[in-house]
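Q: Please take a close look at the aromatic rings in this structure. How are they paired, and what sits around them?

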Amino acid sequence: MFRIEGYRFLAPWFRPEWRAYGFGALLVAATSVFMVAIPKLVGEAVSSLESRAPIERVTWLAAAVVVAVLLRAATAYWMRMVIIGASRRIEFRLRNHLFRHLETLDASFFVRTHTGDIMNRFTSDMEAVRAALGPGIMYTLNTLATFLLALAVMLEVDVRLTLYSLVPLLLLAVVLRYFGPRVHRESMRAQELLSDLSVHAQENFSNVKVVKAFVREGAEIERMRRHSEQYFAQNMRLARLRSWTNAILWLIGDLVVLSLLAIGGYQLIHGEISLGDFAAFKGCQLLLIWPMVALGWVITIFQRGAASAERVEELLAARPLVGDDRARAETRVTAGRLQFRDVGIAYEPRGAILQGIDIDLPAGKTLGVVGPTGCGKSSLLALIPRLLPATGGEIAIDGAPIETIPLAALRDAVGFVPQEPFLFSATVEENIAFGVSDATPDAVRAIARVVAMDREIAEFPDGYQQRVGERGITLSGGQKQRLALARALFKRPRILVLDDVLSAVDAGTETEILRGLRDWTSGLTTVIATHRLSAVRHAHEIVVLDGGAVVQRGTHDELVARPGYYADLYRKQTIEDELEQLE
Amino acid sequence: MSGAPTPGEPDGTRPAGGASERAPLGKAARGAASRQDFHAEDVLDKPFDRDLTLRLCRYVRPYARHIVLSVVLILLSTLLQLLGPLLLKEAIDGPLAGAPPAAAPDVCAAPLAAWLGELLGGEPDGQGPAPAAAGTDLRLRVLAGVLAIYFALLLLAFLARYAQTIAMNFIGQSVMRDLRMHLFEHLQRQSLTFFQRQPVGRLVTRVTSDVEALNELFTSGLVTFFGDLLTVFGIVALMFYYNPKLAALALATSPFLIGITLVFRAKARKHYREIRRTLAHLNAFTQESISGMEIIQISRREDARAEQYAAINSRYMDAYLKSIFWYAIFFPAVEVLSAISLALVVAHGGSDILLGVTTFGEFFLFWNYLNKFFVPIRDLAEKYNILQAAMAAAERVFGIIDHDSALPEPAAARAVAPLAKEIRFENAWFAYDGANHVLREVDFAVRRGETVALVGATGAGKSTIVNLLLRFHDPTRGRVTIDGADLRSFESAAHRRRFGLVLQDVSIFSRTVEENIDLDRGLAESELRGAAERVRADRVVSRLGGGYAEKMKERGRTLSSGERQLLAFARALAGDPEIVVLDEATSHIDTDTERLIQEALETLTRGRTTVVIAHRLSTIRHADRILVFHRGELRETGNHEELMARGGIYARLHRLQFGLTDAGAAGHAPATNDAPP
């Protein structure tokens with residue numbers, strides 16, 4: 001019912017907080033004792049009034065009520081701080097661990113798993129797990145303690161009365177058992193319908209041009225209405241269930257009082273119990289109702305938490321495909337000769353992405369990689385810094401299999417610029433010097449000049465200290481690309497890997513950058529994937545990929561002379577360049 | 001009708017409040033939301049805004065009767081709930097009272113019990129405390145009478161509560177549905193420019209979660225407020241009615257209660273905001289790290305990033321612990337106050353009982369009422385949070401509704417007649433932002449039955465021409481006419497129905513293949529299948545396991561781009577459009593599909609006025625006229641031969657695309673587009 005097994009993997013995180021939970025449990029017990037003391041004291045007061053005891057005794061009992069509640073308040077405060085605090089610390093550590101774990105995973109994981117999905121595990125799932133570890137545990141303990149203590153007081157008053165008044169509470173368990181799963185099922189269904197509705201809205205907004213061109217607005221509204229009505233109907237179904245549950249819970253609460261009045265009244269009239277007993281009993285019954293209701297709620301927390309815990313565990317179970325298990329500590333990238341022998345990549349569920357790639361690039365030379373979108377260019381490039389592992393064949397740098405080079409050494413030696421320039425929400429300088437801890441402003445400036453950004457940066461309101469990205473200024477695509485390039489150059493790599501990095505830069509700037517880059521990269525092994533052939537014109541070799549395989553290879557001049565993708569593309573770009581010149 | 005359970009006791013971990021019952025959004029909805037971003041939607045402080053409230057009231061008005069009903073029902077159930085302790089008092093002072101209470105002879109301590117006593121066969125005396133003095137048997141009978149009344153009240157309260165919860169949910173759900181539909185209908189009227197500016201994810205959030213947030217306002221805020229009000233004032237009134245002095249004592253703590261509630265609300269809100277802020281920061285950082293993971297790994301910043309993450313995480317934890325502190329203080333403090341009231345009642349009421357001024361029944365009554373009195377005031381803080389969240393959401397929703405970018409429709413629309421002569425652009429200019437013109441001085445005509453091709457580099461303005469033609473935008477200067485009538489004089493829907501549009505990026509909806517071709521136009525199955533067969537899309541369909549009934553995946557993932565293109569042709573052809581507009585695909589499609597598409601294209605355009613944006617010159621060689629655009633201006637017009645002879649932009653484009661042969665080659669240009677020069 002509590003689905004404890006789902007939480008088993010959390011044991012190591014639970015352990016450091018074991019004392020906190022233990023202490024918390026003691027506080028729970030204490031707070032329950034003081035809680036139960038109150039009706040007992042009130043009952044005592046009523047008894048002494050009945051027996052016409054001196055008023056001082058009653059006054060002392062009233063004072064005792066205040067003392068009990070103060071102790072109860074103090075322990076309740078402490079209990080909450082201790083248990084919720086412990087659950088928070090577990091969450092804190094678990095989040096940190098999860099984040100670190102994420103950092104070890106390779107690109108294949110991030111391709112497989114949507115960002116939104118990972119984010120959900122970091123947000124709503126973490127919340128659900130924490131709710132189970134905090135309030136979940138706290139209320140379970142509290143419920144248990146209060147229930148047992150109240151029961152003890154009631155039994156002390158009268159066994160028969162206790163048994164009779166437990167009957168409505170048993171009814172409560174039956175009701176929760178009946179309605180609980182139904183409410184759960186119907187609310188899942190409501191969530192599904194909301195998803196459908198949201199998918200409809202999303203598709204409508206994304207395809208607005210077709211909707212308008214085909215004059216489908218009316219039909220789309222009708223569809224939305226259908227979704228809305230279905231969702232409405234489902235929510236009302238759910239509301240009926242919830243209303244029944246709610247009304248029945250109240251009714252049971254009331255029946256408990258009624259049963260006390262009936263049986264207690266009968267016993268009172270027959271002189272079997274006193275009015276004081278009656279009062280104490282009534283107070284305890286009130287204490288019993290809340291735990292019974294809370295039980296249903298706590299079970300939901302645990303069940304939801306278990307489902308989320310499983311999803312968090314799933315994330316933790318993801319294993320990186322790239323590691324240092326074959327690394328030899330002393331192996332380093334030296335000259336930068338790059339060899340691919342029959343290299344392939346195939347992953348579920350995408351199948352073969354690359355196959356039979358053979359490359360031999362001498363140190364200090366440039367390789368051009370060209371091909372249509374989706375041909376495998378980016379995957380090929382990601383193999384070099386081992387962001388992605390090859391699933392077949394062998395890659396070697398300076399003759400050493402790439403897996404034997406320690407990952408840290410390899411990545412230090414490889415400068416990589418992905419297709420989508422990515423900037424962190426940080427300053428320009430921090431973005432350029434990302435990954436280098438002892439960067440000097442002069443060094444940053446020098447690199448900015450190489451990518452022809454120096455003047456533009458100087459014009460930013462805060463210059464090199466200008467924040468970019470989220471909460472910073474918005475950069476143009478070309479500016480982003482050049483900053484991303486600068487970042488890769490900044491760490492002075494042996495091998496430079498550029499994935500179509502100048503697509504958003506205009507031709508003039510591109511020429512300027514390429515010129516600067518050529519001086520700067522002379523002697524660097526460079527791999528450039530591009531749609532712009534001017535970038536690979538001087539490459540040592542160019543490979544044309546299609547469908548994950550090499551379909552053409554040669555130098556620029558050779559490929560232009562041969563019919564095929566490369567020559568086609570070259571002609572197209574010559575047109576574009578010529579049109580650019582037109583006024 | 002005892003101190004009834006309140007399942008929503010705040011757990012101290014959810015200062016947002018009230019959400020514990022509701023499951024998180026479903027997977028797709030969450031996905032849609034996450035497509036937006038995890039960055040802070042700034043935490044709005046919108047406690048109470050008169051204008052917003054009035055606008056919300058407009059959505060509630062159709063359900064005024066339900067509101068009245070549910071207020072009546074909640075008042076009824078609250079009243080019944082207040083009657084419970086009274087009956088208990090009657091029982092205690094009546095049949096349960098062991099010794100005759102020393103009440104003043106003119107005041108009967110238990111009038112109902114006395115009446116029951118008479119009814120059930122006591123001495124018809126009515127003066128004194130008859131039932132109490134009567135024998136055990138009569139006392140039991142009177143107790144049974146009280147129990148029967150009590151039970152009847154319970155059943156009535158049960159029904160009232162059920163009906164009231166349903167009514168409240170009905171109102172909430174109805175308002176939500178109406179607002180959602182209103183918002184969606186409003187969005188359907190918005191111009192293309194609007195959608196080009198708004199991220200899809202944000203709009204989806206408005207239609208889903210923001211509208212959802214309002215539901216909470218109705219189900220747990222608005223109506224229950226009346227119940228709470230009656231509870232508080234009813235208890236105060238009844239207490240004072242029975243025993244003014246004891247009531248004054250018992251309620252002496254309530255100013256403190258209100259005071260700490262106000263302090264708590266202010267503190268909780270402050271910390272809630274801080275939590276939201278740090279959490280937004282944490283989530284933004286996580287998302288950024290996931291997106292930039294390659295860079296982090298290649299730059300080997302894993303440790304540095306993890307440390308940064310831990311730092312933000314620890315700020316988040318601190319913010320939460322601070323807010324827990326206030327929750328941990330507040331709830332016990334309320335308990336302390338309520339127990340102090342109870343102690344005062346015990347002490348003072350006790351001496352009154354001994355003096356014979358008060359009865360045990362009254363003592364129980366005060367005890368019960370005190371339990372009920374503190375609940376609504378304690379929950380006030382939580383209700384306030386709900387109100388605030390709902391108001392912030394309402395403001396975002398109304399923000400969309402207030403902005404209307406719909407193109408103006410003519411007051412008296414001209415009837416759309418079949419194209420007789422021509423479509424004409426007359427000195428048309430267009431700028432998206434009003435300043436930078438993407439089209440300048442464009443003048444041309446497309447005559448009925450003609451095929452006209454638009455040619456030019458990326459950014460030349462070709463797509464804008466299509467947008468003006470279908471009246472997605474109106475020209476900023478000049479006009480577009482059909483047979484001499486300005487497009488603005490037609491109803492835009494009627495105008496668009498003339499067209500069949502095929503876009504480069506094919507829109508596939510997650511519906512069945514058949515529905516994707518039909519698009520809810522209600523076309524006959526034969527028409528749909530006929531169209532599919534004529535453009536050879538039937539081959540694609542037969543490849544799918546489910547045929548025409550196969551449900552497409554999101555964005556048509558299971559189809560190749562060429563196959564999606566064929567479906568789009570079928571979709572356009574099925575409507576039998578008068579004018580066909582094609583934004584020809586440039587993506588590299590395998591030669592097999594390409595031939596199919598070429599044939600489909602011919603089928604579709606045969607005998608129809610056609611405007612095609614051509615990326616491959618070979619596909620438009622047979623166009624009647626070719627319009628060459630460059631940087632927003634129409635630079636050359638003519639057929640292929642004329643343009644080639646002219647030796648301008650087109651000739652250059654052609655020469656480059658088909659090889660470096662001389663312009664004289666135009667006459668015997670290659671027959672198929674993929675042939676080498």
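A: A residue counts as buried when its relative accessible area is under 20%. The model is predicted, and A:Y21 in it has a relative accessible area of 5%, so A:Y21 is buried.

A:Y21 also takes part in an aromatic pair. Over all chains, a search of the whole structure finds 37 aromatic pairs. In one of them, the ring centres of A:F14 and A:Y21 are 4.6 Å apart and the planes meet at 20°. Planes under 30 degrees apart count as stacked, so the pair of A:F14 and A:Y21 is stacked. A:F109 and A:F110 pair in another way, edge-to-face, with 85° between the planes and 5.2 Å from centre to centre. Both A:F109 and A:F110 are buried.

Next come the charges placed over rings. In chain B, the ring of B:W429 has the charged end of B:R477 over it, 3.9 Å from the ring centre. B:R55 lies over the face of B:F398, and here the distance to the ring centre is 4.1 Å.

For a contrast in accessibility, consider A:A307, a residue of helix α9 in chain A, which covers residues 275-317. A:A307 has a relative accessibility of 34%, so it counts as partly exposed, whereas A:Y21 is buried at 5%.

Terms used. Residues are numbered from 1 along each chain as its sequence is written. Chains are lettered from A and ligands numbered from 1 in the order in which they are written. This is a predicted model: local features need pLDDT of at least 70, side-chain atom pairs count only at pLDDT 80 or more; totals for chains, interfaces and linings use all residues. Side-chain values use heavy atoms; hydrogens and water are left out. Rings of Phe, Tyr and Trp (its six-membered ring) pair if their centres lie within 6.5 Å; planes under 30 degrees apart count as stacked, over 60 as edge-to-face and the rest as tilted. Buried means under 20% relative accessible area, exposed over 50%, partly exposed in between (1.4 Å probe, protein chains only). A charge sits over a ring if NZ of Lys or CZ of Arg is within 6 Å of the ring centre and within 35 degrees of the ring normal. Helices (H or I, at least four residues) and strands (E, at least two) are DSSP runs, numbered from the N terminus.
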